[in-house]
Amino acid sequence: MAAHAHTHSPASPSERLLEPVWAQVMDITNEAEGISTYWLKFTDPAVEAAYTFEPGQFNMVYLPGYGEAAISISSNPADPTLVGHTIRFVGNVTRAISRLKVGDVVGVRGPFGSYWPMKEMEGHDVIIACGGIGLPPLRPAIYHIMNNREKFGKVYLLYGARTPKDLLYPTEFEEWERAGIQVQVTVDRADEDWQGQVGVVPMLFYRFRMDAPNSVVLTCGPEIMIRFVVYEGLARRVPAEQIYVSLERNMKCGQGSCGHCQLGPYFICKDGPVFRFDALQPYFNVEEF
Amino acid sequence: MDPLDELKLELQKIPWFRELQIKHLDMIAGISQLRNVKAGEVLFREGDRAEYIYIVLSGRIALDMAVPPRGKMRFHTADPWEVIGWSSATPVVHQRTASATAVVDSRLAMIDSARLRELCDQDHDLGYLVMRRLSNIVASRLMSSRLQLLDMFAEPENKNAK
């Protein structure tokens with residue numbers, strides 16, 4: 001299924017946020033059941049040349065006739081010529097995306113949203129705690145750290161999935177380890193052939209000793225997991241100002257106009273998706289928020 | 001090295017044991033022994049008498065439950081400094097409710113559960129420290145089980161999903 005390329009391609013960043021530009025699917029990587037990464041290349045060289053993104057940001061991916069979905073960028077920010085989106089097929093738009101083939105074209109608006117504080121994290125230890133589809137928005141941060149490894153202290157990736165076959169990017173773990181990232185992987189359930197860890201992501205905090213005042217925690221995943229990751233960080237006396245969470249809610253417009261993704265005074269699409277925890281604290285773990 | 005000294009040396013690598021008074025460390029070491037297990041070796045099986053608490057010193061131990069007809073389900077792994085078989089320290093648990101198997105070659109300290117209970121009865125200061133530690137273990141395992149039960153990675157029922 002191919003979407004038709006648009007003749008007008010707004011190249012300026014402000015236009016790009018309002019009107020989709022067109023990008024071709026260059027490759028598709030099957031990551032796990034119901035999850036694939038789509039590698040997109042902008043069809044307009046001027047758009048490609050101007051496009052940059054920060055780790056943690058997302059694009060609105062548009063499929064004519066179906067609509068748009070907010071999708072985190074999961075690729076290397078140092079190479080924005082090929083933009084990766086790891087997508088779980090859960091709704092009308094993403095299921096339609098699942099039927100795309102290499103060579104098809106989609107619309108893209110973005111990048112949107114706040115991002116992981118890579119600059120502020122320099123000189124600190126970094127704990128990246130994520131679960132399931134929460135890893136893709138953090139993979140650009142991992143690449144950024146690998147690209148600038150000497151600027152960061154100890155780096156830990158604590159990653160969990162439902163079962164071993166649900167783990168994303170397992171072939172990259174060794175490379176990340178070689179780059180000095182301590183990778184701890186766990187699954188919620190397994191059969192007896194699984195040699196790795198079984199348990200939940202927050203428990204991985206017990207696997208290492210943390211220099212809490214000098215640590216920054218980045219977390220993304222199911223909100224219930226985020227809640228307990230934050231508890232573990234705070235229990236070890238990581239300051240709330242050094243914990244960052246990325247939230248996903250029903251983002252529609254991508255610019256804080258429609259209100260679908262509101263959390264307290266914030267719009268996840270505009271003010272987030274990445275928040276410093278102290279800003280969210282009053283609304284976190286509060287029913288109805 | 002004398003086996004008891006070796007055991008104490010191993011235990012003192014664990015932060016909780018480093019906080020114990022020497023007399024309490026000696027008391028626990030006196031009812032404990034070291035055990036090495038090979039990858040694949042079964043430490044205990046469901047239904048076995050629960051006689052020891054184990055502390056993983058190195059390696060990884062998996063806890064499995066047989067769930068007919070699904071087979072063996074692995075629900076927890078214990079890495080260094082984790083405790084398995086904690087429920088045998090309680091007065092009412094006599095049987096293993098899961099099987100424990102070494103995932104890789106592992107070394108463990110095994111503490112005689114009945115004698116530990118006796119020591120705790122005799123020395124309430126030690127009893128308080130042991131039960132406080134056990135309550136932390138139970139709390140973290142309960143939290144872990146709760147999150148597993150929630151199946152938090154399951155695809156959410158979300159009619160607004162894009």
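Modeller: Two strands are said to pair if DSSP finds at least two bridges between them. With that rule in hand, the contact between the chains of this predicted model can be described step by step.

The contact draws on 30 residues from chain A and 23 residues from chain B. On the side of chain A that touches chain B, five elements each supply at least two residues: the strands β4 (67-72), β10 (190-191) and β11 (197-198), and the helices α3 (92-97) and α7 (223-235).

Let us begin with β10(A). Strands of a sheet pair through backbone hydrogen bonds, in either a parallel or an antiparallel manner. Here, β10(A) pairs with strand β5 (residues 71-78) of chain B over two bridges, and the sense is antiparallel. Within this pairing, Ala190(A) is placed opposite Arg74(B) of β5(B).

This pair belongs to an open sheet of five strands, whose order is β10(A)-β5(B)-β4(B)-β7(B)-β2(B), with antiparallel pairing. Its edges are β10 of chain A and β2 (42-44) of chain B, each of which pairs on one side only.

α7(A) contains 13 residues and reaches 18 Å from its first C-alpha to its last, which is close to the 18 Å expected at 1.5 Å a residue. An α-helix has 3.6 residues a turn, so residues three or four places apart point the same way. The buried residues of α7(A) include Met225(A), Ile226(A), Phe228(A), Val229(A) and Val230(A); Glu232(A) and Gly233(A) are buried as well. The cover over these buried residues includes parts of both chains: chain A provides β7 (125-131), β12 (215-220), β13 (243-246) and α9 (277-280), while chain B provides α5 (124-150). After α7(A) comes Arg237(A), which has a positive phi, near 70°.

Chain A has nine helices and 16 strands, and 47% of its 289 residues count as buried. Chain B has five helices and eight strands. From the N terminus, the elements of chain B follow the order α-α-α-β-β-β-β-β-β-β-β-α-α. Of the 162 residues in chain B, 31% are buried, and its C-alpha trace spans about 60 × 35 × 30 Å along its principal axes.

The model scores ipTM 0.84 and pTM 0.87. The average pLDDT of chain A is 89, with 90% of the residues scoring at least 70; for chain B the mean is 90, and 95% of its residues reach 70 or more. One stretch of chain A calls for caution: over residues 1-11 the pLDDT stays under 50.

Methods. Residues are numbered from 1 along each chain as its sequence is written. Chains are lettered from A and ligands numbered from 1 in the order in which they are written. This is a predicted model: local features need pLDDT of at least 70, side-chain atom pairs count only at pLDDT 80 or more; totals for chains, interfaces and linings use all residues. Two residues are in contact if their C-beta atoms, placed from the backbone, lie within 7 Å. Helices (H or I, at least four residues) and strands (E, at least two) are DSSP runs, numbered from the N terminus. The expected span of a helix is 1.5 Å times one less than its number of residues. A residue is buried if 20 or more other C-beta atoms lie within 10 Å of its own, exposed if 12 or fewer, and partly exposed in between; C-beta atoms are placed from the backbone. pLDDT is the predictor's confidence in each residue, from 0 to 100.
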